[in-house]
Amino acid sequence: MWWGGRGQTFNIAPQKEEAEMGLSGPKSVQRSGMPEPKSNQLDSCLASGCLPGEQILAWAPGVRKGLEPELPGTLICTNLRVTFQPCGWQRGQDTPLSSEYDFALVNIGRLEAVSGLSRVQLLRPGSPLKFIPEEILIHGRDFRLLRVGFEAGGLEPQAFQVTMAIVQARAQSSQAQQYSGITLNKTGQSSGPRKPPVPLLETSEDWEAERKKQGARDWRVSTVNERFDIATSLPRYFWVPNRTLDSEVRRAFGHFHQSRGPRLSWHHPGGSDLLRCGGFYTASDPSKEDIRATESMLQAGHSDVVLVDTMDELPSLTDVQLAHLRLRALCLPDSSVTEDKWLSALEGTRWLDYVRSCLRKASDISVLVTSKVRSVVLQELGDRDLNGLLSSLVQLLSAPEARTLLGFQSLVQREWVAAGHPFLTRLGGTGASEEAPVFLLFLDCVWQLLQQFPAEFEFSEFFLLALHDSVRVPDTLTFLRDNPWERGKQSAQFSSYTQVYTPRNSQPLPGNSVNQQLSVWDWGLRYSNEQILQFHNPGYDPEHCPDSWLRRRQSRFMVPGPPSSVWLFSRGALTPLNHLCPWRDSPSLLAVSSRWLPRLAISTESLADQEWGLPSHWRACPLPPGLLLPGNLGPQIRLWKRCYLRGRPEVQMGLSAPTISGLQDELSHLQELLRKWTPRPPRLSPEDHSKKRDPNTILSQPC
């Protein structure tokens, strides 16, 4: 039997083989009483949603459990995903992954088979199935749970087959090699020139347009890394000071870890510049010219420079990974933690503590950027994790345009994707020990800001959930690679250098064309138009116009300071430094003689001053409008229930829905539960039966 879709054909086991394996469906279904989808129904249900190259391995009729009412449908396993499609479900538009029950194989964190009340088997790669499952539980690494039950009486072979198919497909899947992304011509779209929904920053024109948008007149686009011969983790283009030559950039970058030298991250409208770079490579031996060039790039034309040690006060990668694993174990429906100890167990995961630390440090840096015209340099050893997190949060706190839907997507594309955050490694796609969901920690921080300042953000919680779930969907290259070089190599983008960068067995694109792969920002690939409309926050205040919040280089918000001052901001305090570069006097930056300014003690200062921990004379600093200062104490940092407790449907009910239709759905569900839980009234007399019932009260009457 063959199923086809989008011009593709997929080979399913022939009917003869099905009969030999006991999969001759009609006889089985007649005994079970569960309606099995006919071949043409399965064809129409699946073919329109199959991805190019996707093969259906096994399927079985079942019931979606865990929710009321239970939902009959079909459980399907392919070489890319596991999906449950309800009976009668039809795709609203031609999108491959629009079902909320789709689980990419790489997203499956735990797989369990259940038989009866006591037989539960955790299915690992290579482990045999010891019994015929009556239920299968698929725990997603994104905190989702899919629970499907199989009826006895003839469906056992199909239940066994689909379960083993999931085990084998999951063992053979590899996010690094499994899928190379969907090209435009395969999705039926035009293969000609196209403007992506969000600038992908893959051309010098994109970077130049973004530079002009930020008003960074003292910066230019450097092409020194166009061939990725400085660092494959850096983008092909980035911003450097106007007066810095590319030859100086090349030499100076060699004195930083992974050759990630200082680059402009964001230009504040008031005149300050936010930079990011890797740690100093103190084992190198720079010349005086290299030191002068490095200092000039760090200073960026400002008399006041602050080096921010982003690794202090923030969790390590190991801490983030351990906290996330503990949080996921705690949020499972079968968690052994009792209700009275659940909050203390949540505190023990340290996840919310790490969210609090990130927001507090981002607030400190935001004050550094807005309180005076200066150069603020974020310095992390690898410059690929915490620098991106803090830089993104600082822009969200300081720039209203970053809180728009387009602005936030552009921010993620620039500070995470183009900047070389190792998504594949951090999300566990390579099997390496450096797994740590730093990007998911960032999304939690953004959700906290959305809760504290709901009128300041154009995007909604639904959008954050969609972005959270997209990191492990194998349909685009946005989160499937560790750096821009790997992403561009996979998409055959670098046609000018085919001998070095073109993948094997692939043809380069003609000319010097840009990437033809779809990005995660092509939301129509997985979501319907109705769902995309929910990305917008209905409570967003349009009065927060990005162009009206602060004039360019308006100095009345700035505090005068001593000229040529150099500071190190670490552990909540500013320390004066003698020099910017460690090669001047000492082999280590932290070994420079300095005087630490202690964090403010709790006194009569405002809560914001106590949280900042900055010098006391900054208290009188007039801060510009549009700057957000989030609260970081106790209950101000909350658990993202809609994300982390999705495996517990009973917890989800009662949470505020993103739309009016969502509220209506929740109301209908609660009324259904109320009818089931309300004791039945006494039997009515014939006279009562003859009375006319008010149609407006039917929903409130018990069954």
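Guide: Leu-352 belongs to helix α10, residues 351-371; helices here are DSSP runs of H or I with at least four residues, strands are runs of E with at least two, and both are numbered from the N terminus. The model is a predicted one, in which local features need pLDDT of at least 70 and side-chain atom pairs count only at pLDDT 80 or more, while totals for chains, interfaces and linings use all residues. Residues are numbered from 1 along each chain as its sequence is written, and side-chain values use heavy atoms, with hydrogens and water left out.

Leu-352 has a relative accessibility of 14% and thus counts as buried; buried means under 20% relative accessible area, exposed means over 50%, and partly exposed lies in between, with a 1.4 Å probe and protein chains only. When residues up to four places away in sequence are set aside, Leu-352 touches Leu-346, Ile-637, Arg-638 and Leu-639, a contact being heavy atoms within 4.5 Å. Over the chain, 68% of the contacts between residues at least 6 apart in sequence join residues at least 24 apart. The chain contains 23 helices and 18 strands, and 56% of its 703 residues are buried.

Another helix, α5, shows how burial can be arranged around an axis. In α5 (residues 204-214) the buried residues are Trp-207, Glu-210, Arg-211 and Gln-214. They lie on the same side of α5 because they cover an arc of only 105° around the axis, the arc being that of the directions from the helix axis to the C-beta atoms. An α-helix has 3.6 residues a turn, so residues three or four places apart point the same way. Glu-205 and Lys-212 are exposed on the face of α5 turned away from the buried side. The cover over the buried residues of α5 includes β11 (219-222), β12, β13 and α12. Just after α5, Gly-215 has a positive phi of about 75°.

Trp-207 leads on to a cavity. It is one of the residues that line the second largest cavity, among them also Phe-238, Ser-265 and Arg-414. A cavity is a set of points, on a 1 Å grid over the protein atoms alone, where a 1.4 Å probe fits but cannot get out, and lining residues have an atom within 4 Å of a point. The second largest cavity has a volume of about 110 Å³; volume is the space filled by probe spheres set on the points, which are joined across faces, edges and corners. Counted in this way, there are 6 cavities of 30 Å³ or more.

The lining of the second largest cavity draws at least two residues from each of β12 (238-241), β13 (263-267) and α12 (405-417), and β13 gives the most, with 3 residues. By type, this lining comprises 7 nonpolar, 1 polar and 4 charged residues; Ala, Val, Leu, Ile, Met, Phe, Trp, Tyr, Cys and Pro count as nonpolar, Asp, Glu, Lys and Arg as charged, and the others, Gly among them, as polar.

The loop between α6 (246-253) and β13 holds Gln-258, which has a positive phi of about 60° although it is not a glycine. Gln-258 is partly exposed, at a relative accessible area of 47%.

Technical notes: 1 Å grid on protein atoms, 1.4 Å probe; cavity = no way out; pocket = protein on both sides within 12 Å on 5 of 7 lines; lining within 4 Å.
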